[in-house]
Amino acid sequence: MRVGHAEVAGAGALSGTTVVLAPEGGAVAAVDVRGGGPGTRETDALDPRNLVQRVDAVVLTGGSAYGLDAASGVMAWLEERGRGVRVGAGPTEVVPVVPAAALFDLGRGGDWRARPDATTGRAAVEAAAATGPGEPVTEGGVGAGTGAVAGQLKGGIGTASVRLASGVTVAALVAVNAAGSVVDPRTGALFGEYGVAEAPPHPPAEVHAAAMRRLAREREAMEAAGGGVPPFNTTIAVVATDADLTRAQAQKLAGTAHDGLARAVRPVHLLTDGDTVFTLATGRVPVPPEGPAAVNEILAAGADVLARAIVKAVRAARGVEGPGGRLLSYTELYGGSGEGPDSGART
(Lines give C-alpha, C1' and ligand atoms only; values in the text may rest on other atoms or scores of the structure.)
Protein backbone atom coordinates (compact mmCIF):
# COMPACT_ATOMS: atom_id res chain seq x y z
CA MET A 1 0.00 0.00 0.00
CA ARG A 2 1.15 3.53 -0.77
CA VAL A 3 -0.25 6.71 0.75
CA GLY A 4 -0.30 10.22 -0.72
CA HIS A 5 -1.58 13.53 0.60
CA ALA A 6 -2.55 16.79 -1.10
CA GLU A 7 -3.86 20.04 0.35
CA VAL A 8 -6.16 22.68 -1.12
CA ALA A 9 -4.12 25.75 -2.01
CA GLY A 10 -4.92 29.40 -1.44
CA ALA A 11 -5.81 31.83 1.31
CA GLY A 12 -8.65 30.67 3.49
CA ALA A 13 -8.11 27.00 2.63
CA LEU A 14 -7.80 24.37 5.33
CA SER A 15 -8.70 21.06 3.70
CA GLY A 16 -7.18 18.27 1.68
CA THR A 17 -7.29 14.68 0.43
CA THR A 18 -5.49 11.44 1.26
CA VAL A 19 -5.32 8.47 -1.11
CA VAL A 20 -4.45 4.88 -0.25
CA LEU A 21 -3.20 3.25 -3.46
CA ALA A 22 -3.32 -0.54 -3.71
CA PRO A 23 -0.69 -2.58 -5.57
CA GLU A 24 -1.19 -3.45 -9.24
CA GLY A 25 -4.14 -5.82 -9.46
CA GLY A 26 -5.95 -4.11 -6.60
CA ALA A 27 -7.07 -5.38 -3.23
CA VAL A 28 -10.15 -7.02 -1.77
CA ALA A 29 -12.15 -4.20 -0.21
CA ALA A 30 -14.98 -3.70 2.25
CA VAL A 31 -16.54 -0.91 4.27
CA ASP A 32 -18.55 -0.39 7.45
CA VAL A 33 -20.40 2.93 7.84
CA ARG A 34 -21.72 3.68 11.33
CA GLY A 35 -22.04 7.45 11.51
CA GLY A 36 -25.47 9.00 11.08
CA GLY A 37 -24.41 11.62 8.54
CA PRO A 38 -21.97 9.93 6.13
CA GLY A 39 -20.59 11.41 2.94
CA THR A 40 -19.50 8.46 0.81
CA ARG A 41 -19.03 7.26 -2.75
CA GLU A 42 -19.06 3.73 -4.25
CA THR A 43 -19.63 2.04 -0.90
CA ASP A 44 -22.47 -0.09 -2.27
CA ALA A 45 -20.04 -1.62 -4.75
CA LEU A 46 -18.13 -3.14 -1.82
CA ASP A 47 -21.05 -5.24 -0.60
CA PRO A 48 -19.86 -8.88 -0.81
CA ARG A 49 -23.04 -9.74 -2.72
CA ASN A 50 -22.12 -7.40 -5.57
CA LEU A 51 -19.92 -7.67 -8.65
CA VAL A 52 -16.73 -5.73 -7.93
CA GLN A 53 -14.06 -8.03 -6.47
CA ARG A 54 -11.07 -5.68 -6.01
CA VAL A 55 -10.38 -1.95 -5.98
CA ASP A 56 -7.23 0.02 -6.76
CA ALA A 57 -7.58 2.99 -4.41
CA VAL A 58 -9.55 4.45 -1.53
CA VAL A 59 -9.99 8.18 -1.00
CA LEU A 60 -10.31 9.96 2.34
CA THR A 61 -11.11 13.63 1.85
CA GLY A 62 -12.16 16.86 3.46
CA GLY A 63 -14.81 19.13 2.02
CA SER A 64 -17.88 17.21 3.17
CA ALA A 65 -19.95 15.88 0.23
CA TYR A 66 -18.36 18.46 -2.09
CA GLY A 67 -14.96 16.91 -1.47
CA LEU A 68 -16.04 13.55 -2.88
CA ASP A 69 -15.21 15.07 -6.26
CA ALA A 70 -11.57 14.30 -5.38
CA ALA A 71 -12.28 10.66 -6.27
CA SER A 72 -12.90 11.73 -9.88
CA GLY A 73 -9.25 12.78 -10.17
CA VAL A 74 -8.11 9.43 -8.81
CA MET A 75 -10.47 7.62 -11.17
CA ALA A 76 -9.05 9.47 -14.18
CA TRP A 77 -5.47 8.70 -13.12
CA LEU A 78 -6.28 4.98 -12.83
CA GLU A 79 -8.11 4.94 -16.17
CA GLU A 80 -5.05 6.35 -17.92
CA ARG A 81 -3.09 3.35 -16.62
CA GLY A 82 -5.72 0.74 -17.49
CA ARG A 83 -6.45 -0.02 -13.86
CA GLY A 84 -10.03 -0.85 -12.92
CA VAL A 85 -12.89 -3.21 -13.68
CA ARG A 86 -12.33 -4.40 -17.26
CA VAL A 87 -15.41 -3.80 -19.42
CA GLY A 88 -13.93 -4.07 -22.92
CA ALA A 89 -11.12 -5.54 -24.97
CA GLY A 90 -8.95 -2.41 -25.14
CA PRO A 91 -6.22 -1.81 -22.54
CA THR A 92 -7.92 1.32 -21.21
CA GLU A 93 -11.49 0.03 -21.45
CA VAL A 94 -11.87 -0.08 -17.70
CA VAL A 95 -14.07 1.50 -15.06
CA PRO A 96 -12.02 2.21 -11.92
CA VAL A 97 -14.10 1.80 -8.77
CA VAL A 98 -12.79 4.33 -6.24
CA PRO A 99 -14.59 4.22 -2.90
CA ALA A 100 -14.38 7.46 -0.94
CA ALA A 101 -15.49 9.00 2.34
CA ALA A 102 -15.55 12.67 3.29
CA LEU A 103 -15.26 14.50 6.58
CA PHE A 104 -16.70 17.91 7.44
CA ASP A 105 -14.19 20.78 7.49
CA LEU A 106 -16.07 23.40 5.46
CA GLY A 107 -15.05 26.96 6.26
CA ARG A 108 -12.40 26.05 8.82
CA GLY A 109 -9.81 28.07 6.98
CA GLY A 110 -12.21 30.95 6.40
CA ASP A 111 -13.25 30.22 2.80
CA TRP A 112 -16.35 28.03 2.61
CA ARG A 113 -15.66 27.19 -1.05
CA ALA A 114 -12.02 26.14 -0.54
CA ARG A 115 -12.47 22.39 -0.69
CA PRO A 116 -10.93 19.40 -2.51
CA ASP A 117 -11.82 18.68 -6.11
CA ALA A 118 -10.59 16.37 -8.87
CA THR A 119 -7.24 18.16 -9.08
CA THR A 120 -6.66 17.57 -5.37
CA GLY A 121 -7.43 13.89 -5.78
CA ARG A 122 -5.05 13.58 -8.72
CA ALA A 123 -2.28 15.31 -6.76
CA ALA A 124 -2.80 12.93 -3.84
CA VAL A 125 -2.73 9.75 -5.95
CA GLU A 126 0.34 11.01 -7.80
CA ALA A 127 2.01 11.59 -4.44
CA ALA A 128 1.08 8.05 -3.41
CA ALA A 129 2.49 6.57 -6.62
CA ALA A 130 5.73 8.50 -6.13
CA THR A 131 6.45 7.00 -2.69
CA GLY A 132 9.00 4.25 -2.34
CA PRO A 133 8.50 0.92 -0.57
CA GLY A 134 8.76 1.25 3.18
CA GLU A 135 8.46 5.03 3.33
CA PRO A 136 6.86 6.34 6.54
CA VAL A 137 3.48 8.01 6.10
CA THR A 138 3.38 11.70 6.97
CA GLU A 139 1.08 12.32 9.92
CA GLY A 140 -0.67 15.32 11.47
CA GLY A 141 -2.30 18.19 9.62
CA VAL A 142 -1.86 16.88 6.08
CA GLY A 143 -4.20 15.55 3.40
CA ALA A 144 -7.65 14.77 4.72
CA GLY A 145 -6.44 15.79 8.19
CA THR A 146 -5.54 19.35 7.19
CA GLY A 147 -8.67 20.94 8.65
CA ALA A 148 -9.67 18.13 10.98
CA VAL A 149 -10.56 18.62 14.63
CA ALA A 150 -10.78 16.15 17.52
CA GLY A 151 -13.40 17.40 19.93
CA GLN A 152 -12.02 20.81 20.93
CA LEU A 153 -8.51 19.98 19.72
CA LYS A 154 -6.79 19.92 16.33
CA GLY A 155 -7.12 16.55 14.66
CA GLY A 156 -5.23 15.05 11.73
CA ILE A 157 -3.81 11.94 10.08
CA GLY A 158 -2.38 9.05 12.08
CA THR A 159 -1.06 5.59 11.25
CA ALA A 160 -0.11 2.43 13.11
CA SER A 161 0.70 -1.18 12.24
CA VAL A 162 1.47 -4.55 13.78
CA ARG A 163 3.06 -7.77 12.55
CA LEU A 164 1.26 -10.77 14.04
CA ALA A 165 2.91 -14.05 15.03
CA SER A 166 1.28 -15.63 11.97
CA GLY A 167 3.27 -13.28 9.72
CA VAL A 168 0.20 -11.21 8.80
CA THR A 169 0.54 -7.42 8.95
CA VAL A 170 -2.43 -5.22 9.91
CA ALA A 171 -2.19 -1.44 9.58
CA ALA A 172 -4.48 1.54 9.98
CA LEU A 173 -4.58 5.04 8.53
CA VAL A 174 -7.12 7.45 10.04
CA ALA A 175 -8.27 11.02 9.55
CA VAL A 176 -9.45 12.06 13.03
CA ASN A 177 -12.20 14.65 12.80
CA ALA A 178 -14.34 13.68 15.76
CA ALA A 179 -17.34 15.34 17.31
CA GLY A 180 -16.58 13.35 20.45
CA SER A 181 -13.59 13.88 22.72
CA VAL A 182 -10.25 12.09 22.46
CA VAL A 183 -9.15 13.24 25.94
CA ASP A 184 -10.26 11.87 29.30
CA PRO A 185 -11.63 14.97 31.08
CA ARG A 186 -10.62 13.50 34.46
CA THR A 187 -6.92 13.12 33.72
CA GLY A 188 -5.92 14.58 30.34
CA ALA A 189 -4.84 11.16 29.09
CA LEU A 190 -5.86 10.19 25.57
CA PHE A 191 -8.66 7.61 25.63
CA GLY A 192 -6.89 5.50 23.02
CA GLU A 193 -3.91 4.98 25.32
CA TYR A 194 -5.89 3.09 27.93
CA GLY A 195 -4.80 -0.53 27.91
CA VAL A 196 -6.46 -3.68 29.14
CA ALA A 197 -4.69 -3.80 32.50
CA GLU A 198 -3.95 -0.27 33.62
CA ALA A 199 -4.40 3.40 32.82
CA PRO A 200 -1.65 5.12 30.85
CA PRO A 201 0.64 7.74 32.37
CA HIS A 202 -1.22 11.03 32.39
CA PRO A 203 -0.24 14.68 32.74
CA PRO A 204 0.23 16.14 36.22
CA ALA A 205 -3.02 17.42 37.71
CA GLU A 206 -1.90 21.05 37.55
CA VAL A 207 -0.99 20.71 33.86
CA HIS A 208 -4.38 19.20 33.09
CA ALA A 209 -6.19 21.91 35.03
CA ALA A 210 -4.29 24.62 33.14
CA ALA A 211 -5.09 22.94 29.83
CA MET A 212 -8.80 22.84 30.65
CA ARG A 213 -8.77 26.54 31.56
CA ARG A 214 -7.00 27.46 28.34
CA LEU A 215 -9.43 25.45 26.26
CA ALA A 216 -12.35 27.16 27.98
CA ARG A 217 -10.87 30.60 27.26
CA GLU A 218 -10.30 29.73 23.60
CA ARG A 219 -13.84 28.40 23.26
CA GLU A 220 -15.30 31.55 24.81
CA ALA A 221 -13.19 33.75 22.51
CA MET A 222 -14.25 31.82 19.40
CA GLU A 223 -17.92 31.94 20.36
CA ALA A 224 -17.68 35.67 21.06
CA ALA A 225 -16.16 36.15 17.60
CA GLY A 226 -19.00 34.18 16.02
CA GLY A 227 -16.72 31.24 15.27
CA GLY A 228 -16.35 27.85 16.82
CA VAL A 229 -16.39 24.39 15.35
CA PRO A 230 -19.85 23.15 14.24
CA PRO A 231 -20.74 19.65 15.46
CA PHE A 232 -20.55 18.14 11.97
CA ASN A 233 -17.53 15.91 12.03
CA THR A 234 -16.51 12.38 10.97
CA THR A 235 -13.59 10.07 11.59
CA ILE A 236 -12.69 8.06 8.49
CA ALA A 237 -10.12 5.29 8.20
CA VAL A 238 -8.59 2.53 6.12
CA VAL A 239 -7.48 -0.71 7.79
CA ALA A 240 -5.20 -2.66 5.46
CA THR A 241 -3.71 -6.12 5.67
CA ASP A 242 -1.64 -8.46 3.54
CA ALA A 243 -3.78 -11.41 4.67
CA ASP A 244 -5.68 -13.42 2.08
CA LEU A 245 -9.13 -12.47 3.34
CA THR A 246 -12.40 -13.25 1.64
CA ARG A 247 -14.73 -10.34 0.96
CA ALA A 248 -16.92 -11.41 3.87
CA GLN A 249 -13.91 -11.55 6.21
CA ALA A 250 -12.80 -8.11 5.01
CA GLN A 251 -16.29 -6.82 5.80
CA LYS A 252 -16.00 -8.23 9.31
CA LEU A 253 -12.59 -6.57 9.78
CA ALA A 254 -14.05 -3.19 8.83
CA GLY A 255 -16.71 -3.71 11.48
CA THR A 256 -14.45 -4.82 14.32
CA ALA A 257 -12.05 -1.97 13.58
CA HIS A 258 -14.82 0.38 14.70
CA ASP A 259 -14.20 -1.00 18.20
CA GLY A 260 -10.84 0.80 18.14
CA LEU A 261 -12.60 4.01 17.15
CA ALA A 262 -14.99 3.60 20.08
CA ARG A 263 -12.07 3.11 22.49
CA ALA A 264 -10.28 6.26 21.37
CA VAL A 265 -13.19 8.69 20.77
CA ARG A 266 -16.16 9.23 23.08
CA PRO A 267 -18.92 9.36 21.97
CA VAL A 268 -18.82 8.01 18.41
CA HIS A 269 -21.31 7.06 15.67
CA LEU A 270 -23.51 10.09 16.23
CA LEU A 271 -26.16 11.57 13.94
CA THR A 272 -23.84 14.47 13.10
CA ASP A 273 -20.83 12.42 12.05
CA GLY A 274 -20.20 9.90 9.30
CA ASP A 275 -17.74 7.50 10.95
CA THR A 276 -16.58 5.11 8.22
CA VAL A 277 -13.91 2.38 8.07
CA PHE A 278 -12.68 0.76 4.85
CA THR A 279 -10.72 -2.50 4.65
CA LEU A 280 -8.16 -3.40 2.00
CA ALA A 281 -6.63 -6.89 1.84
CA THR A 282 -3.88 -7.65 -0.69
CA GLY A 283 -3.96 -11.42 -0.14
CA ARG A 284 -0.21 -11.91 -0.20
CA VAL A 285 -0.04 -13.88 3.07
CA PRO A 286 -2.21 -17.02 3.39
CA VAL A 287 -4.47 -17.10 6.40
CA PRO A 288 -3.48 -20.07 8.57
CA PRO A 289 -5.98 -22.88 8.00
CA GLU A 290 -6.58 -23.80 11.63
CA GLY A 291 -10.04 -22.25 11.71
CA PRO A 292 -11.65 -19.04 12.91
CA ALA A 293 -8.95 -18.31 15.50
CA ALA A 294 -6.51 -17.14 12.83
CA VAL A 295 -9.01 -14.64 11.45
CA ASN A 296 -10.01 -13.58 14.97
CA GLU A 297 -6.43 -12.47 15.60
CA ILE A 298 -6.61 -10.23 12.53
CA LEU A 299 -9.99 -8.83 13.57
CA ALA A 300 -8.70 -7.94 17.04
CA ALA A 301 -5.58 -6.34 15.58
CA GLY A 302 -7.71 -4.09 13.38
CA ALA A 303 -9.29 -2.51 16.44
CA ASP A 304 -5.94 -2.20 18.21
CA VAL A 305 -4.12 -0.47 15.36
CA LEU A 306 -7.00 1.93 14.69
CA ALA A 307 -7.03 3.05 18.34
CA ARG A 308 -3.24 3.56 18.21
CA ALA A 309 -3.50 5.46 14.93
CA ILE A 310 -6.02 7.86 16.48
CA VAL A 311 -3.64 8.56 19.37
CA LYS A 312 -0.80 9.22 16.95
CA ALA A 313 -2.94 11.54 14.84
CA VAL A 314 -3.79 13.69 17.86
CA ARG A 315 -0.19 13.74 19.07
CA ALA A 316 1.15 14.62 15.61
CA ALA A 317 -1.32 17.46 15.03
CA ARG A 318 -0.22 21.09 15.36
CA GLY A 319 -2.44 24.04 16.24
CA VAL A 320 -3.74 26.27 13.46
CA GLU A 321 -5.43 29.64 13.20
CA GLY A 322 -9.06 29.50 12.12
CA PRO A 323 -11.53 32.26 11.26
CA GLY A 324 -12.77 32.43 14.84
CA GLY A 325 -9.48 31.87 16.65
CA ARG A 326 -6.90 29.19 17.23
CA LEU A 327 -7.49 25.45 17.14
CA LEU A 328 -5.16 24.20 19.85
CA SER A 329 -3.28 20.91 19.64
CA TYR A 330 -2.85 18.31 22.35
CA THR A 331 0.88 18.94 22.52
CA GLU A 332 0.36 22.69 22.90
CA LEU A 333 -1.74 21.98 25.97
CA TYR A 334 0.14 19.10 27.48
CA GLY A 335 3.67 19.30 26.06
CA GLY A 336 5.69 16.47 24.59
CA SER A 337 7.27 15.99 21.19
CA GLY A 338 4.02 15.13 19.44
CA GLU A 339 5.56 11.87 18.27
CA GLY A 340 4.26 8.43 19.11
CA PRO A 341 6.48 5.39 19.60
CA ASP A 342 7.07 5.22 15.86
CA SER A 343 6.97 7.85 13.15
CA GLY A 344 4.33 6.22 11.00
CA ALA A 345 3.12 2.99 9.50
CA ARG A 346 5.22 1.76 6.60
CA THR A 347 3.82 1.92 3.09
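Accessible areas were computed by the Shrake-Rupley method with a 1.4 Å probe, and for residues only the protein chains shown count as cover. On this basis the protein exposes about 13900 Å², of which carbon and sulfur atoms supply 54%. The structure is a predicted model, in which local features need pLDDT of at least 70 and side-chain atom pairs count only at pLDDT 80 or more, while totals for chains, interfaces and linings use all residues. Residues are numbered from 1 along each chain as its sequence is written, and side-chain values use heavy atoms, with hydrogens and water left out.

The C-alpha trace of the protein spans about 65 × 45 × 35 Å along its principal axes. The radius of gyration, taken over C-alpha atoms, was set against the globule rule of 2.2 Å times the number of residues to the power 0.38. For 347 residues a compact globule would have a value near 20 Å, and the 19 Å of the protein agrees with this. With contact defined as heavy atoms within 4.5 Å, 77% of the contacts between residues at least 6 apart in sequence join residues at least 24 apart.

The protein contains 6 helices and 17 strands. Helix H5 covers residues 292-316, and its 25 residues reach 36 Å from the first C-alpha to the last. This is close to the expected 36 Å at 1.5 Å a residue, where the expected span is 1.5 Å times one less than the number of residues. Because 18 of its 25 residues are buried, H5 is largely enclosed by the rest of the structure.

Strand S15 (276-285) includes Gly283, which is partly exposed at 30% relative accessibility. Leaving aside neighbours within four places in sequence, Gly283 is in contact with Asp242, Ala243 and Asp244.

Most residues other than glycine have a negative phi, and most peptide bonds are trans. In the loop between helix H4 (247-264) and strand S15 lies Pro267, and the peptide bond from Arg266 to Pro267 is cis, with omega near -5°. The loop between H4 and S15 also holds His269, whose phi is positive, near 60°; His269 is partly exposed at 26% relative accessibility. Ser64, in the loop between strand S6 (57-61) and helix H1 (70-80), likewise has a positive phi, of about 55°, and is partly exposed at 21%.

Aromatic pairs were assigned to rings of Phe, Tyr and Trp (its six-membered ring) with centres within 6.5 Å; planes under 30 degrees apart count as stacked, over 60 as edge-to-face and the rest as tilted. The structure holds 2 such pairs. One of them joins Phe104 and Trp112 in an edge-to-face arrangement, 6.3 Å centre to centre with 65° between the planes. Phe104 is buried at 14% relative accessibility, whereas Trp112 is partly exposed at 46%. A charge sits over a ring if NZ of Lys or CZ of Arg is within 6 Å of the ring centre and within 35 degrees of the ring normal. Arg115 lies over the face of Tyr66 in this manner, 3.6 Å from the ring centre.

How values were computed. Buried means under 20% relative accessible area, exposed over 50%, partly exposed in between (1.4 Å probe, protein chains only). Helices (H or I, at least four residues) and strands (E, at least two) are DSSP runs, numbered from the N terminus.
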